[in-house]
Amino acid sequence: MFDNTIGIIILVLAAILYLIAFYYSKHDKIKSAVLLVVLAGFIIRCFVASDPYLHPWDERYHALVAKNIISEPLKPTLYEDPVLPYNYKQWHKNHIWVHKQPMPLWMMAASMNVFGVNEFAMRLPSVLLSTLGIWLIFLVGIYFYNRKVAFVSAFLFSLNGLIIELTGGRVATDHYDLLFLIFILSAIYFTTKFVTTKSVIFNILAGLMIAFAILTKWLPALIVLPIWLILAYSSKTFSIAEMAKHFAILVGVIIIISLPWQIYITHTFPAETAWEKHYNRQHIFEILGGRDEPWWFFLERLRINYGELVYIPLVYFLYKLFNKTASIKYYSLAIWIIIPLLFFTVVKTKMQGYILFTSPAIFMITGWFIFYMKEQNLQGWKKYLSGFVIALLLLLPVRYCIERSKLLTPPSKDYNWVTELKAIDKNIQQNAVLFNYNMPIDAMFYTEFMVYQQLPDDKTIFDLQARGYNVYVAYEGEIPSGFEDNRDVHLIELDMTDDAK
């Protein structure tokens with residue numbers, strides 16, 4: 001997308017779909033309204049996912065590892081053929097890549113195996129599951145409240161700016177936090193189906209989704225367990241013995257699905273796995289990656305990710321709970337939000353995506369509050385104030401959707417370097433190693449050779465050639481000093497781009 005024409009078209013089309021959806025919802029055609037919201041959300045997600053390049057953090061790393069595991073699903077690698085020595089403690093430069101759990105990588109790899117190695121195919125699982133999430137929150141919202149609240153929840157989910165950005169891989173933690181959110185939401189959906197039908201298959205599916213969430217972002221997935229207990233207890237359809245039996249089945253499924261990978265990498269890649277476990281613990285007690293944020297970071301991000309007035313429905317919801325004027329099942333929504341918020345507030349390294357999986361609860365509470373306010377039959381200035389608050393609860397997220405989706409913002413850079421990389425891959429000899437290129441991870445995704453940022457010394461060149469590799473040195477403008485007459489290497493002029501520099 002090299003101008004904003006398509007973005008404007010997408011914005012107009014989505015706006016029409018949303019307006020018709022609200023018209024249908026007012027006339028009790030809720031299912032049709034939600035389907036239109038799903039369609040609008042899908043169109044916006046496709047637009048964002050169509051960026052013709054990889055994004056810096058962390059998408060480019062996930063994309064490369066996913067590409068590499070197409071042929072070897074049980075061997076996640078960053079540098080597939082590390083021709084130079086590497087430090088396995090540097091997750092952004094090493095060979096075996098167990099820096100993160102494998103589920104999103106497997107999904108990206110499966111998509112690229114079917115549709116080809118390209119950016120959109122890599123993002124397609126996130127696009128499809130993020131769109132599915134719009135429908136899932138509608139179904140979960142019906143369980144907790146009613147169809148109208150569920151519709152508003154689906155609307156807020158469909159155009160949430162952060163969810164859309166992560167779907168397209170535009171911001172840090174990208175597809176991992178997005179897919180984690182969907183697995184958590186799916187687990188809670190199957191939990192609601194289980195407690196209303198008592199069908200064991202739904203309990204097994206809930207356990208499967210929790211296991212998938214563990215294989216995405218590890219133990220925060222266990223937030224579903226206390227939610228499961230509260231919903232099962234509040235349903236009043238299970239004896240204590242039955243609850244214990246079904247809970248054991250749930251935990252059993254989780255262990256059977258998620259534990260084998262942990263055992264496998266511990267035994268197959270012991271050094272890398274031990275280091276990554278240590279590195280993950282460091283996030284709790286140390287500030288990593290320059291993420292020196294204040295303790296109120298997540299509270300402050302609520303207004304940016306959900307609209308400035310989101311605090312009003314959340315505070316009033318908690319007030320109703322503490323005054324014991326709400327059903328027991330609503331305590332599960334409080335747990336869904338509060339426990340992750342407290343835990344990640346204590347954690348030293350903070351990133352906005354860490355608590356994204358609480359967003360469905362926030363959307364449902366916001367939807368409930370909107371209809372609660374409408375039902376109060378307020379008069380005079382109170383009625384107008386109430387209407388103003390309701391309007392802002394709906395419209396502020398729309399503003400952030402437009403801003404973060406960049407529907408009206410022309411790209412500021414030319415990404416011809418991607419086309420250039422794809423083209424040179426067809427012309428460079430086999431067993432190639434490219435040096436002096438400032439975006440090695442991107443280059444390895446678009447090509448079939450190893451790429452390094454640094455210039456090679458004479459010994460490195462000699463060693464690589466002795467091992468059968470063809471050595472290339474990239475340059476832009478001027479040939480690097482000492483390589484003008486060096487016949488042992490192939491010189492290749494490439495656009496480094498502003499991003500690379």
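**Cavities, a surface patch and a buried glutamate**

A: In this predicted model, the residues that line the largest cavity are Leu-156, Asn-160, Asn-305, Tyr-306, Val-310, Ile-362, Phe-363, Thr-366, Leu-393 and Pro-397. Helix H13 (297-306), helix H16 (359-374) and helix H17 (381-405) are the elements that each give two or more residues to that lining.

Q: Which helix gives the largest share of the lining of the largest cavity?

A: That is H16, which contributes three residues to the lining of the largest cavity.

Q: And what volume does the largest cavity have?

A: The volume of the largest cavity comes to about 70 Å³.

Q: How does the lining of the largest cavity split by class?

A: Seven of the lining residues of the largest cavity are nonpolar and three are polar, while none is charged.

Q: OK, what lines the second largest cavity?

A: Its lining is made up of Leu-162, Phe-298, Arg-301, Leu-302, Asn-305, Tyr-306, Gln-352, Ile-355 and Leu-356. Here H13 provides the largest share, with five residues.

Q: Switching to the outside: which residues form a nonpolar patch on the surface?

A: Ile-8, Val-12, Ile-16, Ile-20 and Leu-408 form such a patch, and together they have about 390 Å² of accessible area. One of them, Ile-20, belongs to helix H1, which covers residues 5-26.

Q: Is Ile-20 buried, exposed or partly exposed, and why?

A: Ile-20 counts as partly exposed because its relative accessible area is 34%, and that class falls between the cut-offs of under 20% for buried and over 50% for exposed.

Q: Last topic, Glu-276: where does Glu-276 lie, and is Glu-276 buried or exposed?

A: Glu-276 sits in helix H12, which spans residues 270-285. Its relative accessibility is 4%, so Glu-276 counts as buried, given that buried means under 20%.

Q: How far apart are the C-alpha atoms of Glu-276 and Val-98?

A: The separation between those two C-alpha atoms is 7.0 Å, although Glu-276 and Val-98 are 178 residues apart along the chain.

Terms used. Residues numbered from 1 in each chain as written. Predicted model: local features only at pLDDT ≥ 70, side-chain atom pairs only at ≥ 80, totals over all residues. Heavy atoms only, no water. Patch = residues over 30% accessible without salt bridge, like charges linked within 9 Å, V, L, I, M, F, W, Y side chains within 5 Å. Areas by Shrake-Rupley, 256 points an atom, 1.4 Å probe, with all protein chains shown as cover. Salt bridge = Lys/Arg side-chain N within 4 Å of Asp/Glu carboxyl O. Helix = DSSP H or I, 4+ residues; strand = E, 2+ residues; numbered from the N terminus. Buried < 20%, exposed > 50% of the residue type's maximum accessible area, 1.4 Å probe, protein only. 1 Å grid on protein atoms, 1.4 Å probe; cavity = no way out; pocket = protein on both sides within 12 Å on 5 of 7 lines; lining within 4 Å. Points joined across faces, edges and corners; volume = space filled by probe spheres on them. Nonpolar A, V, L, I, M, F, W, Y, C, P; charged D, E, K, R; others polar.
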